[in-house]
Amino acid sequence: MGTLNRFVVDLFGVMAYGELSAFERLSSDARFSPTLRDRAALGRLAVTEFEHFEMVSAHLAGLGVDVEEAMRPFQGSIDSFHERTRPADWYESLMKAYVIDAISGDFYTALAGRLDEATRELIGRIQSTTEQGGLLQSRLKAALADDPRLASRLALWGRRLVGEALTQAQRVGIERQFLGGLLFQGTAEDQERETVQLFAQLTRNHSRRMSALGLTA
């Protein structure tokens, strides 16, 4: 397998395990929903995440790569991330889904813009079927509207989540070298500068999403 293909397989491997983990997390968290309507809504989101996993799996199969083999290098670090960011209640679970889904989407879209058409198309299809952002934003805004204490707590939680998520992305990119391999050409200094710019943009996007909830990032 060529070097670029290895980097692309790594990208799909981390995407696949991220989607599978999101499915498991949302399915589990749905049982803590305050209403049956909320439980059903979260269940639908979980199904969407599993559909994304299947899309990535099928794409990997088309490349002649077993999805389990592609995911395995990322299992430990992603599991560890979810352990470090275990929600304390339903509202923290919603915020985690809102923050992580959006940051992941931004990250993969940024990568896709530098890659082949098939990769861009797959990531575009996954993004086009994502309902999470609007539904989660609506539910969070409703909960926060009349509860300043909850707003303060979730603002802090959101800051912790984005810090953990960006650190996780950098760690995985360094360990597997796929971030530089996919995104950047040129000297190490050029790669470092572009990496800083990418993560600064991810942070700005997160801040805008928090502002949409009426929270300070």
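Q: Why does the length of helix H2 agree with its number of residues?
A: The expected span of a helix is 1.5 Å times one less than its number of residues. For the 27 residues of H2 (residues 36-62) this comes to 39 Å, and the end C-alpha atoms are 39 Å apart, so the two agree. The model is predicted: local features need pLDDT of at least 70, side-chain atom pairs count only at pLDDT 80 or more, and totals for chains, interfaces and linings use all residues. Residues are numbered from 1 along each chain as its sequence is written, and side-chain values use heavy atoms, leaving out hydrogens and water.

Q: What elements make up the protein chain?
A: The chain has 9 helices and 0 strands. Helices (H or I, at least four residues) and strands (E, at least two) are DSSP runs, numbered from the N terminus. After H2 comes glycine 64, with a positive phi near 80 degrees.

Q: Why is glutamate 19 called buried?
A: Buried means under 20% relative accessible area, exposed over 50%, and partly exposed in between (1.4 Å probe, protein chains only). Glutamate 19 has 10% relative accessibility and therefore counts as buried. Its place is in helix H1, and its C-alpha atom is 9.2 Å from that of alanine 46, 27 residues apart along the chain. Of the 217 residues of the chain, 47% count as buried.

Q: What is the bend of H3, and where does it lie?
A: The bend is the angle between axes fitted to the seven residues ending at a residue and the seven starting there. In H3 this angle is about 50 degrees at phenylalanine 74. Phe74 is also one of the buried residues of H3, which include Val67, Met71 and Phe81. From its first C-alpha to its last, H3 (residues 67-84) reaches 25 Å, close to the 26 Å expected for its 18 residues.

Q: Which residue caps the N-terminal end of H3?
A: Aspartate 66 does, with a side-chain oxygen 3.1 Å from the backbone nitrogen of glutamate 68. A polar contact is a pair of N or O atoms within 3.5 Å; within protein, one must be able to donate a hydrogen and the other to accept it, and residues adjacent in sequence count only if both atoms are side-chain atoms.

Q: What makes a space a cavity, and what makes it a pocket?
A: On a 1 Å grid over the protein atoms alone, a cavity is a set of points where a 1.4 Å probe fits but cannot get out, whereas a pocket is an open set with protein on both sides within 12 Å along at least five of seven lines; lining residues have an atom within 4 Å of a point. By this rule there are 2 cavities of 30 Å³ or more.

Q: Which residues are closest to the centre of the largest cavity?
A: The largest cavity holds about 540 Å³ of space. Among its 27 lining residues, Val14, Gly18, Ile100, Ser104 and Tyr108 are the closest to its centre. H4 gives the most to this lining, with 7 residues.

Q: Which element gives the most to the lining of the largest pocket?
A: H1 does, with 5 residues. The largest pocket has a volume of about 390 Å³, and Arg25, Ser28, Asp29, Arg86 and Pro87 are the closest to its centre of the 17 residues that line it.

Conventions. Grid points are joined across faces, edges and corners, and a volume is the space filled by probe spheres set on the points.
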